[in-house]
Amino acid sequence: MASSHSQTVLFSILLFLSLHQACAKMTHLNFYFHVTDVQANATDYGTIIVMDQALRDGLDENSTLIGRVQGIQAAVGKDGSLETMFNFLFLNEKYNGSTLAIYGRAPLGTTIERPVIGGTGKFRMSTGYSLAKPVILSATRLVYELDVYVWTWKLK
């Protein structure tokens, strides 16, 4: 009896994985999140910050603007870690008007991994994850390189 149940479970998992491969498209995005109005108390416990910052295609603050990061971050950890709720709003030609919703904990000074919990437009019904690596950390400017891996269901 247990063998039959195990086979059914295994078959169900394999079927799900096959359907996911057939019905989902993976997209890898790479861009830079520029924070230009750094607030000195941003990591003080209990601080809440609303933001609207640039997504650019390069490290330089004059590189092409491809979108905006709009959302909220709150200092929730006594260690300075943040809870982030961001929407990446794309303004470039390929994804214009589409968004990705990113949510999660952000420990400071290290690569930050957060889930992609949804999207709109070309990213409708998306899931995935993002990796944000700090590349410029100064008193006046922060820049993170982001690699975002998104699986979007093929609806058509």
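This short talk goes through strand pairing and salt bridges in the structure shown above.

Before I start, please keep in mind that this is a predicted model, in which local features need pLDDT of at least 70 and side-chain atom pairs count only at pLDDT 80 or more, while totals for chains, interfaces and linings use all residues. Residues are numbered from 1 along each chain as its sequence is written, and side-chain values use heavy atoms, with hydrogens and water left out.

Let me begin with strand β1, which covers residues 24–35 and runs antiparallel to strand β8, residues 142–153, with twelve bridges joining the two. When I speak of strands, I mean DSSP runs of E with at least two residues, numbered from the N terminus, and two strands pair if DSSP finds at least two bridges between them. Within this pairing, M26 stands opposite W151 in β8. Strand β1 also pairs with strand β2, residues 48–56, again in the antiparallel sense, over three bridges, and there F33 is found opposite L55 in β2.

Now to the charged side chains. How many salt bridges does the count come to? The count comes to four, where a salt bridge is a side-chain nitrogen of Lys or Arg within 4 Å of a carboxyl oxygen of Asp or Glu. I will take you through some of them, and I will give accessibility as well, calling a residue buried under 20% relative accessible area, exposed over 50%, and partly exposed in between, with a 1.4 Å probe and protein chains only.

One of them is formed by D52 and R68, whose closest N and O atoms are 2.8 Å apart. This pair links distant parts of the chain, with D52 in strand β2 and R68 in strand β3, residues 65–75, the two being 16 residues apart. D52 is partly exposed at 40%, and R68 is also partly exposed, at 23%.

Another joins E61 to R141, with the closest N and O atoms 3.3 Å apart. Here E61 sits in the loop between β2 and β3, and R141 in the loop between β7 (127–137) and β8, 80 residues apart. E61 is partly exposed, at 43%, whereas R141 counts as buried at 17%.

A further one is between D79 and R105, with the closest N and O atoms 3.3 Å apart. Because D79 lies in the loop between β3 and β4 (82–90) and R105 in strand β5, residues 99–106, the pair ties together parts that are 26 residues apart in sequence. D79 is exposed, at 57%, while R105 is partly exposed, at 42%.

How values were computed: Helix = DSSP H or I, 4+ residues; strand = E, 2+ residues; numbered from the N terminus.
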